[in-house]
Amino acid sequence: MQTPDVVIFSDGACKGNPGPGGWGAILRFKVAESGAVHEKELFGGEPDTTNNRMELMAAIRALEALKRPCRVQFNTDSKYVLQGMTEWIAGWKKRGWVNSAKQPVKNVDLWLALEAACAPHQIDWRWVRGHSGHVDNERADALANRGVGSARP
């Protein structure tokens, strides 16, 4: 992949699993005319959800925020999202959304939404170790926790 147009860091959080949850994302891009680097922060939440659903929502909302097809370096601390998109999804689709244990895939609605959000883009999926001091991952985590706060009734 060539130099990315956009670098994304995303994270999900849940207080209880299930429980109130939140998602957060940072989008970093360079403005072509000026060369200036800009960032956009996104977050949101739901009152009754799971951590995996919030990880997926962070990825979906970040990609949906892009206004044109982009080359994306997508950084996540979720192996669930990373492996789902790079290893598992083709098999799930081939088997009719059944996993290797012959059980229905959880969160099919969000996997379908993420697949649709990915379609216009070239994405380089990357894993970042969570809670290890990585500045941008920690910022995405803080945004996800803001999302949890916004989700509480």
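Visitor: Which residues line the second largest pocket?

Guide: They are Tyr80, Glu87, Trp88, Gly91, Trp92, Arg95, Asn99, Ser100, Pro104, Val105 and Lys106. Please keep in mind that this is a predicted model: local features need pLDDT of at least 70, side-chain atom pairs count only at pLDDT 80 or more, and totals for chains, interfaces and linings use all residues. Residues are numbered from 1 along each chain as its sequence is written, and side-chain values use heavy atoms, with hydrogens and water left out.

Visitor: What makes a set of points a pocket, and what makes a residue part of the lining?

Guide: On a 1 Å grid over the protein atoms alone, where a 1.4 Å probe fits, a pocket is an open set with protein on both sides within 12 Å along at least five of seven lines; a lining residue has an atom within 4 Å of a point. The second largest pocket holds about 150 Å³, and its lining divides into five nonpolar, three polar and three charged residues.

Visitor: How many residues of each class line the largest pocket?

Guide: Six are nonpolar, none polar and five charged. That pocket has a volume of about 280 Å³, and strand S2 (residues 19-30) gives the largest share of the lining, three residues. Among the lining residues are Val6, Leu27 and Phe29.

Visitor: Why is tryptophan 92 called buried?

Guide: Buried means under 20% relative accessible area, and exposed means over 50%, with partly exposed in between (1.4 Å probe, protein chains only). Tryptophan 92 has 7% relative accessibility, so it counts as buried. This residue lies in helix H2. Beyond its neighbours within four places in sequence, tryptophan 92 is in contact (heavy atoms within 4.5 Å) with Gly84, Trp97, Val98, Asn99, Val105 and Trp111.

Visitor: Is lysine 102 buried or exposed, and how do you know?

Guide: Its relative accessibility is 69%, therefore lysine 102 counts as exposed. Lysine 102 sits in the loop between H2 and H3, with a positive phi near 65° in a residue other than glycine. Asparagine 107 is found in the loop between H2 and H3 too, and has a positive phi of about 65° although it is not a glycine. With a relative accessible area of 15%, asparagine 107 is therefore buried.

Visitor: Why is strand S1 described as largely enclosed?

Guide: Nine of the nine residues of S1 are buried, so the rest of the structure largely encloses this strand. Val6, Ile8, Ser10, Gly12 and Cys14 point one way, while Val7, Phe9, Asp11 and Ala13 point the other way.

Visitor: What makes S1 and S2 a pair, and in which sense do they pair?

Guide: Two strands pair if DSSP finds at least two bridges between them. Valine 6 has phenylalanine 29 of S2 as its bridge partner. S1 also pairs with S4, in the parallel sense over five bridges. There, phenylalanine 9 stands opposite asparagine 75.

Visitor: What joins asparagine 17 and proline 18?

Guide: A cis peptide bond joins them, with omega about 15°. Proline 18 is in the loop between S1 and S2.

Visitor: Which residues have the most contacts inside the largest nonpolar core?

Guide: Ile8, Leu27, Leu63, Phe74, Trp111, Leu114 and Trp125 do, in a core of 32 residues. H1 gives the most to this core, with eight residues. Such a core is a set of buried Ala, Val, Leu, Ile, Met, Phe, Trp, Tyr and Cys residues joined through side-chain atoms within 4.5 Å.

Technical notes:
Points joined across faces, edges and corners; volume = space filled by probe spheres on them. Helix = DSSP H or I, 4+ residues; strand = E, 2+ residues; numbered from the N terminus. Nonpolar A, V, L, I, M, F, W, Y, C, P; charged D, E, K, R; others polar.
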